[in-house]
Amino acid sequence: MTPLDYGHSKEAELSDSDHFRINCYIPVIDHLTTALDQRVAAYQEVVGYFGFIRQLHILSDAEIKVHAFNTVKMYSDDLDDDLYPELLHFKHYIIDIPEFQSENGQQLCVEGRMYKLIIKHSLDDVYPNTCSLLEIYLTLMTTNVTCERAFSKLKLRKNRLSASMTQTRLNNLSIMIIKYDLLKDISYFEIIKNFAERKSRKVLTGSRV
């Protein structure tokens, strides 16, 4: 008739390997999986807006119109409704020009060859929206790697200055390099003035040599 007491059971004892697996390894793998899923979803969204450029020469006019409408709606500050007729004209232009089809062994991607063709023949005034579209796409991937750029800066500073400063100062310098967009708005004059007042040495007059 006495109710069971579940509040005083002995706590399970884990080995060192099980403790590391449960408290460290599995949480890290979960975070990594979640981060990769988020990155894949973001890239799929980018492909949804820009993936049609690679197949521009084989898409129908109706398909190009749908893709152009969705892209203009997403990037309304950079593109306008003239994108669709520009893409139609540009489609027939790259089909008829042999230079695009045989671009030195096709070393560049399709989008890169399109942009190179526009710049080489000074067609950015003829296809302003198409040029802007290619610029957005070609630079998009290099603007979302903040962590990689941060580690690159840290590696640069670590190799060159690690022998002449402490770890704390090196970390502070790395943060200054990473957050340069905030640092450039700070006035250096007041910082230098305060530093000079703190570090200045008093000159003793009338001292014996």
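## Cysteines, a buried Asn and a nonpolar patch

The disulfide count here comes to 0. Keep in mind that this is a predicted model. For background, a disulfide is a covalent bond between the sulfur atoms of two cysteines. As for cysteines in the chain, Cys-24 is partly exposed, with a relative accessible area of 34%, while Cys-131 is buried, at 6%.

Now to Asn-129, which sits in helix α6, spanning residues 128–140. Is Asn-129 buried or exposed? With a relative accessible area of 5%, Asn-129 counts as buried, because the cut-off for that label is under 20%.

| Side chain | Polar contact with side chain of | Distance |
|---|---|---|
| Asn-129 | Asp-80 | 3.0 Å |
| Asn-129 | Glu-86 | 3.0 Å |

Leaving aside residues up to four places away in sequence, Asn-129 touches Asp-78, Leu-79, Asp-80, Asp-82, Leu-83 and Glu-86.

Next, helix α5, which covers residues 110–120. Which of its residues are buried? They are Val-110, Glu-111, Gly-112, Arg-113, Met-114, Leu-117 and Ile-118. An α-helix has 3.6 residues a turn, so residues three or four places apart point the same way. After α5 comes Ser-122, with a positive phi near 55°.

Finally, the surface. A nonpolar patch of about 730 Å² is built from Leu-14, Phe-20, Ile-22, Tyr-25, Ile-26, Ile-29, Leu-32 and Leu-36. One of these residues, Leu-36, belongs to helix α1, which runs over residues 16–50.

Notes: Residues numbered from 1 in each chain as written. Predicted model: local features only at pLDDT ≥ 70, side-chain atom pairs only at ≥ 80, totals over all residues. Heavy atoms only, no water. Buried < 20%, exposed > 50% of the residue type's maximum accessible area, 1.4 Å probe, protein only. Helix = DSSP H or I, 4+ residues; strand = E, 2+ residues; numbered from the N terminus. Patch = residues over 30% accessible without salt bridge, like charges linked within 9 Å, V, L, I, M, F, W, Y side chains within 5 Å. Areas by Shrake-Rupley, 256 points an atom, 1.4 Å probe, with all protein chains shown as cover. Salt bridge = Lys/Arg side-chain N within 4 Å of Asp/Glu carboxyl O. Polar contact = N/O pair within 3.5 Å; in protein donor to acceptor, adjacent residues only side chain to side chain. Contact = heavy atoms within 4.5 Å. Disulfide = S-S within 2.5 Å.
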